[in-house]
Amino acid sequence: MKKDVLIMCQYFYPEYVSSATLPTELAEDLVKKGLSVDVLCGYPKEYYHGDKVPLREELNGYTVRRVKYTEFNNKTKIGRIINFFSFFTAILSKTLSLLNYRSILVYSNPPILPLVPCLISKITKTKFIFVAFDVYPDNALILGAIKKGGIIERLMRYINTKVYQHATKIVALGSEMKSYMINTNIAPDCTNIEVIPNWYNDKKIGKTSKIHNKEFKELNERWPFVVLYSGNMGTAQDMDTILQCISNLKNRNDVFFLFTGHGNKADYVKQYFLTNNINNAKVYGFLLGEDYNDVLKIADVCLVSLAVGIEGVGVPSKTYGYLAAGKPVISIMSSETDIAKHLETFSAGGNVKQGDSTGLERLVLNYMENKEHTSAHGVNARMVFEKFYQREICTNMYYNLIKIIIS
């Protein structure tokens with residue numbers, strides 16, 4: 001008897017990044033709704049530092065099978081490519097076992113992974129759902145990470161032709177991503193694209209106002225207003241607009257800018273603060289659990305950004321945690337994104353275009369000078385979360401999608 005769905009991804013529990021927690025929570029919710037589920041994923045390494053985990057494990061009603069692959073430095077292009085192909089080969093070795101499922105849900109990370117269920121679907125009746133966490137190689141081209149017309153782009157264009165053409169359903173994370181797929185002719189059939197956003201599990205948010213971390217408690221007592229930037233600080237994010245805004249406000253003693261996360265621009269941000277003698281800002285590492293809850297509690301407003309041109313090929317999921325915590329959000333991106341539209345429509349924050357540091361400064365000062373305004377937008381932010389980005393809402397959309405294609 002074939003099982004209903006196999007979730008195929010690189011990162012999974014117990015790794016802690018969102019690309020691991022999202023498929024983990026999806027597996028749990030699909031099982032609760034009555035589907036039979038298995039998971040095939042990579043062995044945890046990059047985002048997990050605990051004890052060894054088994055290659056095969058029973059978890060919450062589903063089976064997890066993990067494959068080992070190379071561990072070269074992911075921050076180098078060569079290391080990343082070798083790891084991608086090593087993981088792809090390890091998954092490919094499990095091909096026969098993939099015949100035991102009525103459907104396969106596969107994520108776009110790494111970008112060559114969806115080719116496996118694509119091949120399976122061509123020789124069997126197995127349906128497959130392709131979840132585009134981003135649009136590759138378009139994002140890499142826009143950011144200058146690969147060469148136009150190079151071997152990587154040509155290889156990925158070929159793979160995309162197969163994947164987007166044969167996928168039973170394609171999941172885009174936002175309306176702007178769906179529009180990008182259609183306008184650039186990446187997806188030949190626009191009728192098989194479904195928009196299902198990522199989500200945030202608000203059960204992670206502490207239910208009390210108590211701040212446990214001593215340093216964050218002192219920050220809260222010292223600074224009347226705290227602006228939080230959380231998540232990736234990489235090539236896909238516009239950090240310069242934020243940094244220019246901070247530079248304009250560096251002599252104020254009533255606002256503090258707190259950064260937490262990682263990425264290839266994290267050191268650049270730290271150095272900027274040192275070079276420009278900025279004392280009302282600090283970069284922390286990747287925070288988890290209670291520490292991350294603490295920074296959400298002390299934040300008055302939160303920032304999220306995208307580099308120019310990235311709209312449509314990626315969606316910043318950290319926004320949903322901000323909204324869940326009831327914090328007004330200031331986005332730095334095109335006003336045509338779902339996030340910017342929701343912030344403006346529901347008065348849950350504001351949006352400025354990349355490069356508009358003056359506009360960003362104006363929004364921050366407006367919140368600083370009007371606490372009632374900040375509080376009202378925080379309430380609206382929570383409403384936006386409950387309307388669009390709750391875990392139960394989004395995983396139920398996946399459940400309905402899978403039920404349709406396997407029925």
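Two strands pair if DSSP finds at least two bridges between them. Strands (E, at least two residues) and helices (H or I, at least four) are DSSP runs, numbered from the N terminus.

The model is predicted: local features need pLDDT of at least 70, side-chain atom pairs count only at pLDDT 80 or more, and totals for chains, interfaces and linings use all residues. Residues are numbered from 1 along each chain as its sequence is written, and side-chain values use heavy atoms, without hydrogens and water.

**Exercise 1.** Give the strand order of the open sheet and find its edges.

Solution.
1. The order of the eight strands is β3-β4-β2-β1-β5-β6-β7-β8, with mixed pairing.
2. β3 (56-59) and β8 (193-195) each have a single partner strand, so one side of each lacks a neighbour in the sheet.
3. From one strand to the next, the twist averages 20°.

**Exercise 2.** Describe how β2 and β4 pair.

Solution.
1. β2 (residues 37-42) and β4 (residues 62-67) are paired in the parallel sense over five bridges.
2. Gly42 has Val67 of β4 as its bridge partner.

**Exercise 3.** Describe the packing of α1 on α15.

Solution.
1. Helix α1 (residues 18-32) packs with helix α15 (residues 391-406) at about 65°, the axes being 10 Å apart. Axes are lines fitted to C-alpha atoms, for helices over the stretch in contact, and angles run from 0 to 180 degrees between N-to-C directions.
2. The two helices are therefore roughly perpendicular (65 to 115 degrees).
3. Contact (heavy atoms within 4.5 Å) involves Glu25, Leu26, Glu28, Asp29 and Leu30 of α1 and Arg391, Thr395, Tyr398, Tyr399 and Ile402 of α15.

Conventions. Angles under 35 degrees count as roughly parallel, over 145 as roughly antiparallel, 65 to 115 as roughly perpendicular and the rest as oblique.
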